[in-house]
Amino acid sequence: MSTFTILYFAACSSYTSRLYEALPAPLPISKLYSVLEEKYAGITEKVLGSCLVTVNLEYVDITGGDGHDMIQGEVVIQPGDEVAIIPPVSSG
Amino acid sequence: MPPPPTLSKDEYKRYGRQMIVPSIGLPGQLQLKDAAVLIVGAGGLGCPAAAYLAGTGVGILGICDGDVVETSNLHRQIAHTTSRVGQSKTQSMTEYLTDINPHITYRSHTYHLTPGTAASTLGHYNLVLDCTDHPAVRYLISDTCVLLGKPLISASALRTEGQLLVLNNPPGKGACYRCIWPKPPPPESVLSCGEGGILGPVVGVMGVLMATEAIKLLTAQAKDNKLSGEVVEEENKRPIRTNMLLYSAYLNPSFRDLKLRGQKKGCIACDLEKREISLDKLSDGRLDYAAFCGTRKEDRVGEDERIEVGRYAEVRNQEHLLIDVRPEVEWGICNLAGAINIPIGQFMQSLPLPTPTEPLIGAVSLPSPPPPSWLPENHKTPIYIVCKRGNDSQVAVRHLKTYLASRQNGDGKVGGGIWDIKGGLVKWAWDVDASFPEY
């Protein structure tokens, strides 16, 4: 089965208890959070709401509606892609 | 206009090794000497950042922090020393920095930055480094930098990871902290280094990278009018995008440079049409950063459900169950004899509460799962719950009581009571057993 790699940082890796894993590809970016919610109940509310997401090191707009014009059309995560879920870290 | 700075003979010698780097040269060195840099937070990020900025010869270096040095800081906060525990961090750091480089003007701001003090503090400086440790102050610093037109270098670190951003650069054009993180993290997910832990060199590397970005930024302007830390795409007038450097010590590769967005449309700081912040609102307290970031839900139990550590020590020889709900790694550091370890997450999961909102499939009520094996069969056995400081233990007491109350068949009674050990193991070490480790 074709997969992409998803990296979990900070609070997201605490919640999932892992640094990364492989998930089935292709996957439209708008479905990403529901796939994660199914695997990790409660993650949307507790972690994902404030996260930013990158695909192959580039920011993607997961909400699709903040008026940002950098992304044209919907991003579909492809096999072999690297997705990162990055929560804000405030300590230092 | 003050006269442009010049270098003394000692300064030529001191800065020679960096002045012969082509991207610095004498013009770059003079720009550094002409600069005033503020470091907010004299901790794990601020110590190495300040050390290198002092070494590099910035003209004025301000340090803002209201804390005192503690022993638990010393594994990472390299400016502070064992002999200076108890001193203010600004004083300790100034001592350390003066020893590195006496040619610099050091300014101490011995207080925590608040909306009332932010603008007057930041106003004296050309560049700000956010080395703080809480979301509320991070939004405050970013807003103040946007309002005052100061570039901001922001980094953070927790456990084995770090993040680095160069924000509001150039001022008014680059993204701010709110553009990148419009929504603050849920307060329950925010961990301090004291709670989540931090590897010294991980936060150190982030602080050192901040100093590098500061040097690049301060010496860039005159050289070729290109600002560092961001992709400036003047040729085709595309928006300025901000990069985030992500460090994760245990991932391979461990460094990632992410291309983020630029200023966010509708950002309440950067978008001039949508702007909701102003210096007036800042100074008169109308911007409530603590409320914006929220506070943790307090799941406290009543005083009659808690027991003092001294009283618990007296009943320790009687039959009881002691549950330690700290993470496994902390249990491994030290624990009380006879206790069992069920980390808080596992504890909650092992005691599922019924969800009345879920429709029952085929209207057949499923039998509730049996209680976990650690729950005493003898209902007269009292249960005591302990953690490090007595917060999670209260959550656990509350949850266990709710769980037991939800059981229909009467196996939900604990005649001996369920008790929170007040103040946790830290209090135990203070009041009962001085030999018990505090970590």
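In helix H4 of chain B, the buried residues are Lys89(B), Thr90(B), Ser92(B), Met93(B), Thr94(B) and Leu97(B). These buried positions pack against helix H3 (46-56), strand S2 (60-64) and strand S3 (105-109) of chain B. The helix itself covers residues 89-100, twelve residues in total, and extends 16 Å from its first C-alpha to its last, close to the 16 Å expected at 1.5 Å a residue.

The predictor assigns the complex an ipTM of 0.91 together with a pTM of 0.88. For chain B the pLDDT averages 91, and 91% of the residues score at least 70. Over residues 223-233 of chain B, however, the pLDDT is below 50, although this stretch has 26 contacts in the model beyond near neighbours in sequence. Where pLDDT is low, the predicted coordinates should not be read in detail.

**Chain B as a whole**

Chain B contains 16 helices and 14 strands, and its C-alpha trace spans about 85 × 55 × 45 Å along the principal axes. Of the 439 residues in chain B, 39% are buried. Among the contacts in chain B with a separation of 6 or more, 68% are between residues 24 or more positions apart.

**The cysteine site**

UniProt, in an unreviewed entry, places the feature "binding site" at Cys176(B), Cys179(B), Cys267(B) and Cys270(B). These positions span 95 residues in sequence, yet no two of their C-alpha atoms are more than 8.7 Å apart, so they gather at one spot.

Cys179(B) lies in helix H7 (residues 177-180) of chain B, while Cys270(B) is found in the loop between strand S9 (255-259) and helix H10 (279-283) of chain B. Cys179(B) counts as buried because it has 26 C-beta neighbours inside 10 Å, and Cys270(B) counts as buried with 25 such neighbours inside 10 Å. Not counting residues up to four places away in sequence, Cys179(B) touches Arg261(B), Gln263(B), Lys264(B), Cys267(B) and Cys270(B).

Five strands of chain B form an open sheet in the order S10-S14-S13-S11-S12, with parallel pairing. Strand S10 (306-307) and strand S12 (340-341) of chain B stand at the edges with a single partner strand each, so one side of each is left without a neighbour in the sheet. Within the sheet, strand S13 (residues 383-386) and strand S14 (residues 418-421) of chain B run parallel and are joined by three bridges; Ile383(B) stands opposite Ile418(B) in S14(B).

Leu322(B) belongs to strand S11 (residues 321-324) of chain B. Its C-alpha atom is separated by 4.8 Å from that of Tyr384(B), a residue 62 residues away along the chain. Beyond its neighbours within four places in sequence, Leu322(B) is in contact with Leu336(B), Gly338(B), Ala339(B), Tyr384(B) and Val386(B).

**The segment after helix H16**

Phe436(B) is found in the segment after helix H16 (424-431) of chain B. The C-alpha atoms of Phe436(B) and Val426(B), ten residues apart along the chain, are separated by 8.6 Å. Not counting residues up to four places away in sequence, Phe436(B) touches Cys334(B), Leu425(B), Trp428(B) and Ala429(B).

The table sets out the C-beta neighbours of the individual residues described above.

| Residue | C-beta neighbours within 10 Å | Class |
|---|---|---|
| Cys179(B) | 26 | buried |
| Cys270(B) | 25 | buried |
| Leu322(B) | 19 | partly exposed |

**The contact between the chains**

The contact takes 25 residues from chain A and 42 residues from chain B. On the side of chain A that touches chain B, the elements giving two or more residues are helix H1 (10-16), strand S4 (52-55) and strand S5 (58-60) of chain A. The residues of that side of chain A divide into 14 nonpolar, eight polar and three charged.

Key
Residues numbered from 1 in each chain as written. Chains lettered and ligands numbered in written order. Predicted model: local features only at pLDDT ≥ 70, side-chain atom pairs only at ≥ 80, totals over all residues. Helix = DSSP H or I, 4+ residues; strand = E, 2+ residues; numbered from the N terminus. Buried ≥ 20, exposed ≤ 12 C-beta atoms within 10 Å, placed from the backbone. Contact = placed C-beta atoms within 7 Å. Nonpolar A, V, L, I, M, F, W, Y, C, P; charged D, E, K, R; others polar. Expected span 1.5 Å × (residues − 1). UniProt positions renumbered as here; feature names shortened; annotations may be inferred. pLDDT = per-residue confidence, 0-100. Pairing = 2+ DSSP bridges.
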